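Colleague: I'm new to this one. Could you walk me through how to read a few of its features?

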Amino acid sequence: MSRALPSRHFGVAEAASEDALAALRAEVPDAYTIVRSRFEAVDGMRAALERLPPTAAASRLGSEPRTEDSLIAELLRGDRGDRLLYLPSRAVFRRSVVAAEAQALAALARACAGAGIRGERLAAAQELATRAVLALMAEDAYLDILDGSAPEDARRSAASRLISLWDSDLDGGLDDSTEALVAVWTSRKSCRPVFGTLLGSSELVGLSMSLDGRWFAFAGDRFSDPGVYQALAEFLFGLSHEELVACTAHIDANGPQDAAGIDALFGGVREYPEPASADPRDLYRFYEARRQAAKRREASGAAGPRSTLEGEYLLWAIGRRA
């Protein structure tokens, strides 16, 4: 069998994904060929990425020196717009590589699910895709911190983390803070909202049961902040702040509601996509929808969270290490 995953993958999940690919080859050869070709393309992109110099490497173009300190200063500037043309080429291309790998892993997970391949092999493919997606989300969150109103030290730390992320080995794992989000998201997928009175108690208990001390420390430090708690509510219920306000009024008037009652209230159409699906990419869609809604509120002065739960967690983790 041709190698489908890059040769540097050695973990248990990666080995199980190799098993999933082998099972897919036996069950649906045509799907196997398509998925394998995606991983082969990712291998080529990885090879090209390795030829680009590290973003933190010192260099000089004419009279302009480039060091890690000068790159941090560049990232902290507020007049660069989306920064695309001011970012190191490795940073721009690396994001494309991670996105391509997330798509390939998501394709493997979907193909396995469609072929009836379950258990550890499917779970492993979904886990790897989730980790790749969370790497993209962490990069977005750190960039948002740079553009936000966080203290200078926090913004500088976010810039430093971005540089470390851009220069890290693709197989080297996530940083500690992003690693913790893997557990949060894994728990969120198995904790479907009950709605009821929208107090979130059962959802929060279900989410927290399998999480470690970092989550409880974050909860103790930040859940008293209304904006953070509103971001948590969006994360738990899969509803926008505006929808939650409408739901609360409806429940006050009509009593507790189940999922069908909430769907009926909005005609079956909600602002945010449901992330707990068979496609790992849907969690990024859910994150990006909340992220863009938060930015709109920030720009318009509307009520509601001005950040995502993930962004709030990473900002808290930065401050905790400062």
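Colleague: Let's start with L84. In which loop is its place?

Modeller: Bear in mind that this is a predicted model. L84 sits in the loop between helix 3 (68-76) and helix 4 (89-114).

Colleague: Is L84 buried or exposed, or partly exposed?

Modeller: Buried means under 20% relative accessible area and exposed means over 50%, with partly exposed in between. L84 comes out at 46%, so it counts as partly exposed. Together with L85, Y86 and V92, L84 forms a nonpolar patch on the surface, and the four share about 410 Å² of accessible area.

Colleague: Now the helices. At what angle do helix 5 and helix 13 pack?

Modeller: Angles under 35 degrees count as roughly parallel. Helix 5 (residues 119-147) and helix 13 (residues 282-300) pack at about 15°, their axes 10 Å apart, so helix 5 is roughly parallel to helix 13. The crossing of the two is right-handed.

Colleague: And how many salt bridges does a search of the whole structure find?

Modeller: For these, look for a side-chain nitrogen of Lys or Arg within 4 Å of a carboxyl oxygen of Asp or Glu. The search turns up 22. One of them joins E288 to R291, with the closest N and O atoms 3.2 Å apart. Both residues lie in helix 13, three residues apart, about one turn of the helix. R291 has a relative accessible area of 11%, so it is buried.

Colleague: Which residues are linked with E288 and R291 in a network of salt bridges?

Modeller: R95, E139, D140, D144 and K295 are linked with them in that network.

Note on methods. Residues numbered from 1 in each chain as written. Predicted model: local features only at pLDDT ≥ 70, side-chain atom pairs only at ≥ 80, totals over all residues. Heavy atoms only, no water. Patch = residues over 30% accessible without salt bridge, like charges linked within 9 Å, V, L, I, M, F, W, Y side chains within 5 Å. Areas by Shrake-Rupley, 256 points an atom, 1.4 Å probe, with all protein chains shown as cover. Helix = DSSP H or I, 4+ residues; strand = E, 2+ residues; numbered from the N terminus. Buried < 20%, exposed > 50% of the residue type's maximum accessible area, 1.4 Å probe, protein only. Axes fitted to C-alpha atoms, helices over the stretch in contact; angles between N-to-C directions. Parallel < 35°, antiparallel > 145°, perpendicular 65-115°, else oblique. Left-handed = near helix turned anticlockwise from the far one by under 90°.
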